[in-house]
Structures are given as structure tokens and as C-alpha cells.
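Visitor: Can you walk me through this one? I'd like helix packing, the chain contact and the core.

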Amino acid sequence: MEVYFQLAYLIGAICFILGLRGLSDPKSARKGNIIAALGMGIAVVASLFYPLEGDVVPNNYGWIAGAILVGSAIGFLSAIRVQMTAMPQLISIFNGLGGGSAMFLALIEFLNLDPAQSSSTLLPVIILFTIFVGSISFSGSILAYLKLDGKVNDKQVVLPNHQYINIFLMLFSIAFVVFTYFVPSPVTIIISVIICLIYGFSFVAPIGGADMPVVISLLNSVTGISAAAAGFIYDNQIMILGGVLVGAAGTILTILMCEAMNRSLINVIIGGFTASGDAAGDQGDQTVISLSPMDAAILLKYSSKVMMVPGYGMAVAQAQKQTKELDDFLAKNDVEVVYGIHPVAGRMPGHMNVLLAEVDISYDKLCDLEESNNHLSDTDVVLVVGANDVVNPSAIDDPGSSIYGMPVIEVWRAKQVIVFKRSMNPGYAGIQNPLFFKGNTKMLFGDATDSLKKIMEEIKTL
Amino acid sequence: MLEFFNENMLSIYLLIFTVFLGFELISKVPTVLHTPLMSGANAISGIVMVGSIIFLRLTDPGDYVSLTIGLIAMIMAVINIVGGFAVTNRMLSMFKKKKN
């Protein structure tokens, strides 16, 4: 009898593998997601009826049904209702819930441990490890959610010498978890959970700005590891496989993001961007040239190639619809429009692609970093829509800058650059952007959506 | 310690092979798919729900502390799974539209 359920798990595991493979190619991505979901369905149904050991299995199907109903309703409604611009926050919170689930499960397993039985096995070690990893994912993702949603500002949560505090907290939480292993009691385990939660929170605190995509995918990986660890508690192969797959995929994505910024993971974790605000540089006596929507409209109308460089600001201003309108108008007037997408533009991996896809901008117009830089020499106008750090020339020519060495879109090589910006406040990390002071750069102050609307009005009258 | 390895050898093999498999599967992903891939993988990490099902099924119906914590864990995992797959599907349907 049991073998049928084991076979069901096996099929579920194969679905996960095929699904993940499908998700890594645009042609099969949607099918891949459905296959992975199917695998999950099979695994869940198999677990519901799996013949468990024991004379009388209580089953508690009422509780289970309640959890499935409540969870599905919340999950489904929030997925359907969310604005595309709020996607990073939502994914972050979903991810945290996965980690939190592993944490709670491990916590109650620990409280229910039979001391006589557990001393001889590694079970308590696995449980404590699950608690450690799960709590970091849980509280870390919650802070990431709060930051992405603008509820918490980076500066509010960063303490002086935060990297040392983090190292201390990490060692302290590990030490306390080890202590709990030797002195297991409800009090020590609950203190352990609290300390691990604090560490997770503090771990994410100094990471912000352009580093956000890295930390989001890193937390994703941590949640995978916590699910895999929980799999060892129940000696359940599909949990191990699913968790490890996610852990590995998240790690790869994290590495890709770090490579895109030409920085090491350690550097990101320490919080390079926010920790060194001293690179602001003195731009005091330099002047910027501003231009009116009318001037911008003229420039755009009479150019032959235009590149848009979107950034997080586009998401905030919800300017993607106006971008599309302008794109359509220019295309009708035989102006070639391309998009320069920096790998870490926005707040999660691939953020800009999702926003532009939402308004039906064809993805063959989207150029990656290298392609964008190749396009620039014959581009007439670059429109920087809410991007800042990813078009900062300091990354190339100022060794003192905290983003020095990061590959950027070298927009200043185009004939003209128009930057949409609310004010002259420096970007997210307090890094000044010398691009604004270059001779061929003009600033269009105001909300990006409004500016684009005004340009549209003007350009139609030309 | 050694006993643990002895009892779990197959699971440990599974762990190690899956790490390599995961790296192989995701090594070349175009930027367009970074977000959907991440959120799809995120949904898969909700597999911890299986653990919560097993836990709840084995819990004594009178033990309300365990039932409640198990219930919370399970609700969290279900939100992760359902929300994760739904949001990924929603994003990917936008990509699909453009191909025509």
C-alpha cells in the first residue's frame, strides 16, 4: 500500500524538476509553472492519505481542511489583486511565510520531543538547524517586505558598525541554539527562536537599494534550505528534493545578481551601498541644465533612435503606461525605440521586464547590459526613467565610489541624455551621480508620469 | 552521529545530487525570466506543507497547543504555495501575450 504513495511522491518530484526546467526558458515557462504546481498537488494529496505509523492515526482532517481553505483564499486573493508594481513585496512576503512555516513546525516538533528517545539521534540537531534557517528567512523577508513597501526606510534600521553587530548576532544565535541543544526546555527554545528572528531582521537591515534583488533571491534560497531541513525531520524525500532545488536555484540567481554588479556576496551582505555614504563627492559648484517637456518633445521627435533606461523610479511613479504610449507614438514616426535593462534595475531580479511586459512592450526591444552599451554609440536620445545608480559614471571612473567596478549602462555616450527626476536629491544610497552634470545631460524635473504625459501633449502638436 | 548517516544515506545522496541538479537546471536563465523563476521556485519551497500535514495528522486531537501551531505553520505554507504559483502564472501570462 505504502509503495503507491511513495510512487506518487516520486512523480511529484519529477514534476518539480521538469517544472523548474520549463521555467528557465521563455517558451515553456508557463507550462513549467503549471507542471510544478501539479507536482505540488500530487505531493499534498499523497501526504493527506499516506498510511502513517501507529494503531490509531487521529488525522485531524477538519484542521487540515480549515488551513487549506484559509491559506488558499488568502494566497489566491493577494496574488490576483496585487498591483504589478508591488510584486517584489508580495514575493518577499510569500517567501517569508514558507520560512516561517518551517520555523513553527520545527518549534513544535522540538517542544514535543521525547527526551529519552532523542538523545541518541541527530533529530534535535536537525530541528534546531531548521529553526535557525527558518527564522532568518521569516524575519528577514518581513523586513525586506517592509523596505520594499516603503514602510521602513533603510536609515531607520541601520546601526553604526552594523556589520560587527551582525557578526556578533550570528555567533550569539548559533551559540544559543547550541546551548538549547544541551539544555532543552520550552524557555531556551523560545529564546532561541527570538534571537534567531532578531538576527534575520538585523541581517537584512543594512542591505538596501540596488542590492535588494540580491537579498531577495538569497532569502529565497534560505527558505528552500529550511524546507529541505524540515524534510529531514520527517525523513520525507520530496521535501528534501523540493527544498534543495529551490535552495540551489536561489543560490544561482544570487550569484548571477552579484556578478551583474561585479561584487562579491560578502560585500553585498556587509552592506557596501549603505555603509559608505561618504562617496557622495563634492559636486557643489557644478550646475545642471534643465529642460522643458517641449524641448524634450522636439528632441525625441527628430531623433532616429531612442533608448529608455527604466529603474525603480518608474515602478514608483507607475510610469510604464506612459512609457508605452510614447514608445507607440515614436514608433509610428519611424523612431527606433529600445530599452536598456540593467540586471539589477529595480528591487528584484527581472523587475523591469515584468513591468514592461505588463504594458505589452515586446521583449525583443529589451536589451541587456551589453546590448544596450553597443546600441549607445548611435543613439540620439536616452530617456532615463527613474534609474540612477545603474547609469552612474562613478562606477567606471571614480575608484573612491562605493559602486566603483559595477558594470553600468553608459548612457552618457549617446548624443543627448534626458533624466527624469523629482529633485536633485542623490539616489537611494546617497551616492551623487556625476551623470547629471555632464554636458550632454539635461534634467526634466518632476514626477516621471507627469513629465511623460506633458511630453506626449507637446509631441502631438509638433 | 554515524547511526544517523547509516539510517539516512539515501537522503544524503538525494541532497547532494539535487544540489547539482538545481545548479544545472538554472545555470542559463534569461533576464526576462528572473522574476517568474524566483517566484515559481518560491512556491515550490512551500513543500514544507507536506511536513505540516504529517504533523497535524499525527497530533493528539486534545493537544490544542500543537494543533494551533501546526495550523499556523500549515496556513503559512498554503499561502506560500497558492499565492506563489498564482502570481507566477499571472506574470507569465503577460509575457505570453506579446509573442503573438
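Guide: One definition to start: two residues are in contact if their C-beta atoms, placed from the backbone, lie within 7 Å. Helices (H or I, at least four residues) are DSSP runs, numbered from the N terminus. The model is predicted: local features need pLDDT of at least 70, side-chain atom pairs count only at pLDDT 80 or more, and totals for chains, interfaces and linings use all residues. Residues are numbered from 1 along each chain as its sequence is written, with chains lettered from A and ligands numbered from 1 in the order in which they are written.

Visitor: Which residues of α4(A) meet α9(A)?

Guide: A:Met103, A:Leu107, A:Phe110 and A:Leu111 do, and they meet A:Pro186, A:Ile189 and A:Val193 of α9(A). By class that contact has seven nonpolar, no polar and no charged residues. Ala, Val, Leu, Ile, Met, Phe, Trp, Tyr, Cys and Pro count as nonpolar, Asp, Glu, Lys and Arg as charged, and the others, Gly among them, as polar.

Visitor: At what angle do the axes of α4 and α9 of chain A cross?

Guide: Roughly 165°, and the axes come within 10 Å. Axes are lines fitted to C-alpha atoms, for helices over the stretch in contact, and angles run from 0 to 180 degrees between N-to-C directions. So α4(A) is roughly antiparallel to α9(A). Angles under 35 degrees count as roughly parallel, over 145 as roughly antiparallel, 65 to 115 as roughly perpendicular and the rest as oblique.

Visitor: Is the crossing of α4(A) and α9(A) left-handed or right-handed?

Guide: Right-handed. A crossing is left-handed if the near helix is turned anticlockwise from the far one by less than a right angle, and right-handed if clockwise.

Visitor: And how do α6(A) and α10(A) cross?

Guide: Helix α6 (residues 123-148) and helix α10 (residues 212-233), both of chain A, cross at roughly 150°, with axes that come within 8 Å. That makes α6(A) roughly antiparallel to α10(A). Here the crossing is left-handed. The contact includes A:Gly134 and A:Gly140 of α6(A), and A:Ala229 and A:Ala230 of α10(A). Its residues divide into 17 nonpolar, seven polar and no charged.

Visitor: New topic. How many residues does each chain give to the contact?

Guide: Chain B gives 78 residues and chain A gives 94. On the side of chain B, the largest share is 32 residues, from α4(B). That side divides into 49 nonpolar, 23 polar and six charged residues.

Visitor: What about α2(A) against α2(B)?

Guide: They pack at an angle of about 10°, with axes 10 Å apart. The two helices are therefore roughly parallel to each other. A:Ala29, A:Asn33 and A:Ala36 meet B:Pro36, B:Gly40, B:Ala43 and B:Ile44.

Visitor: Now the core. Which residues touch the most other members?

Guide: A:Ala249, A:Val309 and A:Val384, in the largest nonpolar core of 185 residues. Helix α4 of chain B supplies the largest share, 17 residues. Such a core is a set of buried Ala, Val, Leu, Ile, Met, Phe, Trp, Tyr and Cys residues joined through C-beta atoms within 7 Å. Buried means 20 or more other C-beta atoms within 10 Å of a residue's own, exposed 12 or fewer, and partly exposed in between.

Visitor: What does A:Ala249 touch?

Guide: Not counting residues up to four places away in sequence, A:Ala249 touches A:Leu20, B:Gly22, B:Leu25, B:Ile26, B:Leu37 and B:Ala41.

Visitor: Last one. Is A:Ile455 buried or exposed?

Guide: Buried, because A:Ile455 has 28 C-beta neighbours inside 10 Å. A:Ile455 is in helix α20 (residues 448-461) of chain A. Its C-alpha atom is separated by 6.4 Å from that of A:Met294, 161 residues apart along the chain.
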